[in-house]
Amino acid sequence: VYKALLYSSNSIDKINTELKGSVRSIDIINIGGARWVLSVTDYGEVALCNNAREHHRFYVEDAPFRGMTMISSNRCAAITSNGKVIVMEFSGAHNPQMKVVGMIRLGAGVWRDICYIGKGLVVVMSDRSLVWVNGESMGVKAVTKLETGLHSLGYESDSGILHLFGKNGLHYVASASNNNQCKRSD
């Protein structure tokens with residue numbers, strides 16, 4: 001209904017109907033000095049747009065994205081619902097190109113979120129565990145099993161603390177520097 005009303009009213013707001021999936025994560029990326037908005041969808045699409053109304057779309061096969069985190073100004077890591085961590089690199093300020101530079105399959109699970117914690121490491125969260133992944137060598141550094149029901153992940157860069165939230169007030173606090181230090185803090 002919203003799309004029909006939007007189009008019939010000739011509104012200046014637009015919906016990007018070219019995307020087949022739902023946008024799962026969005027961030028700002030700097031490619032060769034040019035700023036772009038980067039988004040990933042649950043259909044494997046990677047979209048770039050800027051304030052000059054330029055759009056670029058890429059597709060990663062078998063990649064229903066769940067979340068994304070920036071590793072550097074032109075590199076991101078994303079988690080898929082089927083347990084892949086995919087690292088993508090972008091180049092070309094005026095005609096951006098994307099290249100998948102790393103991929104690792106973490107296995108079965110309900111994968112929820114991803115977060116960059118520095119020094120090339122990303123933390124990936126499923127509904128019941130945390131996985132530390134080296135975003136450069138694409139190797140698993142550690143796995144911490146937790147109780148089921150986790151939904152979202154946040155990182156305090158000043159203190160190096162990860163916060164994991166779940167159903168019914170479930171809250172874990174974990175140290176980003178010591179993957180064995182994870183305690184429940186409801």
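This is a predicted model: local features need pLDDT of at least 70, side-chain atom pairs count only at pLDDT 80 or more; totals for chains, interfaces and linings use all residues.
A salt bridge is a side-chain nitrogen of Lys or Arg within 4 Å of a carboxyl oxygen of Asp or Glu. Side chains of opposite charge can pair when their charged atoms come close.

Lys-84 belongs to strand E7, which covers residues 84-91, and Asp-62 sits in the loop between strand E4 (55-59) and strand E5 (65-72), so the pair ties together parts that are 22 residues apart in sequence. The two partners can also be described by their accessibility. Lys-84 is buried, because its relative accessibility is 7% and the cut-off for buried is under 20%. Asp-62 has a relative accessible area of 40% and is therefore partly exposed. The pair is also part of a network of salt bridges, in which Asp-62, Lys-84 and Arg-105 are linked.

Strand E7 also holds Glu-89. This residue forms a salt bridge with Arg-75, and the closest N and O atoms are 2.7 Å apart. Arg-75 lies in strand E6 (residues 75-80), so the contact ties together parts that are 14 residues apart in sequence. Glu-89 counts as partly exposed, because its relative accessibility is 24%.

A further salt bridge is formed by the side chains of Arg-128 and Asp-127, at 3.8 Å from N to O. Here, too, accessibility can be stated for both partners. Arg-128 is partly exposed, at 43% relative accessibility. Asp-127 is buried, at 11%.

Nonpolar residues were examined next. The largest nonpolar core has 21 residues. Within this core, Leu-38, Val-46, Phe-65, Met-88 and Phe-90 touch the most other members. Two or more residues each come from strand E1 (23-31), strand E2 (34-41), strand E3 (45-49), E5, E6 and E7. The largest share is that of E2, with four residues.

Another core lies apart from the largest one. This other core has 17 residues, including Leu-121, Leu-153, Leu-162 and Tyr-172.

Conventions
Residues are numbered from 1 along each chain as its sequence is written. Side-chain values use heavy atoms; hydrogens and water are left out. Buried means under 20% relative accessible area, exposed over 50%, partly exposed in between (1.4 Å probe, protein chains only). A nonpolar core is a set of buried Ala, Val, Leu, Ile, Met, Phe, Trp, Tyr and Cys residues joined through side-chain atoms within 4.5 Å.
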